[in-house]
Amino acid sequence: RMVTKKSHLIGVLVPDISNPFFAQLFLGIQDVLHAQGYVALLYNMEDDEQRESSSVADLIRRGVDGLIIASSAFSNQSIYAALQREKLPMLVMDQKNETDLVDAVQTDNFDGGRQVGLHLKKFGHRKVAVVLPENPTVNVRKRYEGLASIYGDDILRVTGALSVTGGQQAVKKIINSDVTAIFAINDLIAFGLYMGLKEAEKEIPADYSVVGYDDIDACKYVTPALTTIAQPTFELGQEAATMLLKRLSEPGREPEVKMLPVKLVQRFSVAPLK
Ligand code: RIB
């Protein structure tokens with residue numbers, strides 16, 4: 001690879017572009033890159049290890065100037081290899097956790113989970129279910145830990161993928177328990193809970209309070225409108241691109257980690273415990 005010649009291409013790796021969260025994130029990234037004359041190449045990684053190695057090879061072949069990695073499928077091993085062999089500047093975020101070697105921008109996931117816990121406590125809920133993947137990435141696990149900092153052992157942990165189906169499938173276990181509130185670790189899971197609870201003839205928030213995470217647009221349009229933790233998703237994308245461009249112009253700097261705040265957006269899916 002010719003390191004002296006710039007391609008003005010940046011590879012962006014996300015785990016699931018069908019999730020509006022990642023579309024919004026990409027728009028933020030593109031907003032900054034485009035203004036600076038760069039083109040973003042979007043790679044959807046899913047959880048596919050095979051796709052990972054072929055994507056890395058492909059990106060390097062195309063001579064990208066840098067990478068923004070939001071997908072955990074991109075392993076640390078690949079990061080080290082690309083850093084050593086290609087000296088490829090990169091930034092990690094979201095599902096890809098920090099290493100000491102590269103820049104990172106994250107949101108305060110622990111605080112997000114904690115805010116959910118405080119909110120549900122305030123409404124009198126004593127037992128909460130949390131729906132999250134079986135092997136959660138670090139960002140998602142921190143949300144769980146934030147909730148646990150408020151609820152301790154009074155949490156029913158239910159496994160579900162970060163998707164509508166994941167939420168829908170979690171319902172059976174929840175309605176056979178004594179919880180009164182549910183923390184969906186992302187909004188898609190919350191929408192799946194809406195579907196599953198409706199099938200089970202349960203009402204939100206009369207029978208179950210539900211809180212999501214992300215604040216994708218659809219939260220406003222579902223009934224009841226979903227109370228959720230808002231990530232500054234577009235700004236997060238902008239920040240990621242800004243940091244990577246800074247790295248391109250000053251390659252020698254120490255790696256930097258930035259953290260953006262999140263906030264609870266109160267709508268109509270949480271009610272006081274009867
Ligand atoms: O909705 C997708 C989820 O996965 C988001 O919460 C985002 O932070 C990512 O990790």
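**Entry 1: Q106**

I started with the side chain of Q106, which reaches the backbone oxygen of K96 at 3.3 Å. I note here that the model is a predicted one. I placed Q106 in strand β5, residues 103–107. Is Q106 buried or exposed? Its relative accessibility is 8%, so I count Q106 as buried, the cut-off being under 20%. I then listed what Q106 touches, leaving out residues up to four places away in sequence. The list holds V92, M93, D94, K96, N97 and E98, then L236, and then K258, M259 and L260.

**Entry 2: L236**

From that list I followed L236, which Q106 touches. I found L236 in helix α8, residues 233–249. L236 has 2% relative accessibility and therefore counts as buried. Which residues does L236 contact, apart from its neighbours within four places in sequence? I wrote down F21, L25, M93, V105, Q106, T107, Q231 and L260. For one of these, T107, I looked up the separation from L236: 129 residues in sequence, and 8.0 Å in space from C-alpha to C-alpha. M93 and L260 are also on the list for Q106.

**Entry 3: the ligand**

Next I looked at the shell around the ligand. Which residues surround the ligand? I noted N19, F21, F22, D94, Q95, N139, R143, L162, N186, D214 and Q231. F21 and Q231 are names I had already written down as contacts of L236, and D94 is one that Q106 touches. By class, I have 3 nonpolar, 5 polar and 3 charged residues in the shell.

I checked three polar side chains against oxygen atoms of the ligand. D94 places a polar side-chain atom 2.6 Å from a ligand oxygen. For R143, an N or O atom of the side chain is 2.7 Å from an oxygen atom of the ligand. For Q231, a polar side-chain atom is 2.9 Å from a ligand oxygen. On its own the ligand has 280 Å² of accessible area, and the protein covers 99% of that.

I then asked which elements supply at least two residues each to the shell. Helices α1 (20–35) and α5 (138–151) each do.

**Entry 4: backbone geometry**

I kept in mind that most residues other than glycine have a negative phi, and that most peptide bonds are trans.

D214, one of the residues around the ligand, has a phi near 125°, which is positive although D214 is not a glycine. I found D214 in strand β9. D214 counts as buried because its relative accessibility is 5%.

H8 is not a glycine either, and I read a positive phi of about 60° for it. H8 sits in the segment before β1 (9–14). With 31% relative accessibility, H8 counts as partly exposed.

Which peptide bond involving P205 is cis? I noted the bond that joins I204 and P205, with omega about 5°. P205 lies in the loop between α7 (187–199) and β9 (209–214). I noted a cis bond from T223 to P224 too, with omega near -10°. P224 is in the loop between β9 and β10 (227–230).

How values were computed: Residues numbered from 1 in each chain as written. Predicted model: local features only at pLDDT ≥ 70, side-chain atom pairs only at ≥ 80, totals over all residues. Heavy atoms only, no water. Near = heavy atom within 4 Å. Polar contact = N/O pair within 3.5 Å; in protein donor to acceptor, adjacent residues only side chain to side chain. Areas by Shrake-Rupley, 256 points an atom, 1.4 Å probe, with all protein chains shown as cover. Helix = DSSP H or I, 4+ residues; strand = E, 2+ residues; numbered from the N terminus. Nonpolar A, V, L, I, M, F, W, Y, C, P; charged D, E, K, R; others polar. Buried < 20%, exposed > 50% of the residue type's maximum accessible area, 1.4 Å probe, protein only. Contact = heavy atoms within 4.5 Å.
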